[in-house]
Amino acid sequence: MKLSVELTYYPLQQTDHIAAIKQVIDKLNSYSDIKVETFPTATVVMGDYPVVMAMLNEVIAWGYNQFGRSVFVAKFLPSYEAL
């Protein structure tokens, strides 16, 4: 099953929040087995369900280790190919 997820990231503890957001987008783009497209207000990722969920698990932990307390807002669309 394919999964599309719309993500928005808010680094709460960073004074340069744009740099932190760009690093998270770069991290998302480092996964070769998912599609990633960034829009002005969110980034959409799409791929096989277990691959996308494993990527989110890693990226959320990585984001916490890199930037401290942060908020990820996600909208999950199972069985939908947004990209």
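Predicted model: local features only at pLDDT ≥ 70, side-chain atom pairs only at ≥ 80, totals over all residues.
Biologist: In which helix is Ala20 found?

Modeller: Ala20 is found in helix α1. Residues are numbered from 1 along each chain as its sequence is written, and side-chain values use heavy atoms, leaving out hydrogens and water.

Biologist: Is Ala20 buried or exposed?

Modeller: The labels go by relative accessible area: buried is under 20%, exposed is over 50%, and partly exposed lies in between (1.4 Å probe, protein chains only). Ala20 counts as buried because its relative accessibility is 1%. For an exposed case, look at Tyr64, which has a relative accessible area of 54% and is found in helix α2.

Biologist: What is Ala20 in contact with, leaving aside its neighbours within four places in sequence?

Modeller: Contact means heavy atoms within 4.5 Å. On that basis Ala20 is in contact with Tyr9, Pro11, Gln14 and Phe67. Gly47 is 27 residues from Ala20 in sequence, and their C-alpha atoms are 24 Å apart.

Biologist: At what angle do α1 and α2 pack?

Modeller: Axes are lines fitted to C-alpha atoms, for helices over the stretch in contact, and angles run from 0 to 180 degrees between N-to-C directions. Helix α1 (residues 17-29) packs at about 150° to helix α2 (residues 49-67), and the axes are 11 Å apart. The pair is therefore roughly antiparallel (over 145 degrees; under 35 is roughly parallel, 65 to 115 roughly perpendicular, and the rest oblique).

Biologist: Which residues of α1 and α2 make the contact?

Modeller: From α1 come Ala20, Gln23, Val24, Lys27 and Leu28, and from α2 come Met55, Val59, Trp62, Gln66 and Phe67.

Biologist: And how do the strands form a sheet?

Modeller: Strands pair through backbone hydrogen bonds, either parallel or antiparallel. Here, two strands pair if DSSP finds at least two bridges between them. Four bridges join β2 (residues 35-38) to β3 (residues 43-48), and these strands run antiparallel. They form a hairpin with four residues between them. Thr38 has Thr43 of β3 as its bridge partner, and Lys35 stands opposite Met46 in β3.

Biologist: What order do the four strands have in the open sheet?

Modeller: The order is β2-β3-β1-β4, with antiparallel pairing. β2 and β4 (70-78) are the edge strands, each pairing on one side only. On average, neighbouring strands are turned by 20° against each other, direction ignored.

Biologist: Which strands does α1 touch as it packs on the sheet?

Modeller: Helix α1 touches β1, β2, β3 and β4, and its direction makes about 160° with that of β1. Helix α2 packs on the sheet too, touching β1, β3 and β4, with its direction at about 135° to that of β3.

Biologist: In which strand is Thr8 found?

Modeller: Thr8 is found in β1 (residues 2-11). With 14% relative accessibility, Thr8 counts as buried. Not counting residues up to four places away in sequence, Thr8 touches Thr41, Ala42, Val71, Phe72 and Val73. Thr8 and Thr41 are 33 residues apart along the chain, yet their C-alpha atoms are separated by 7.1 Å.

Conventions
Helix = DSSP H or I, 4+ residues; strand = E, 2+ residues; numbered from the N terminus.
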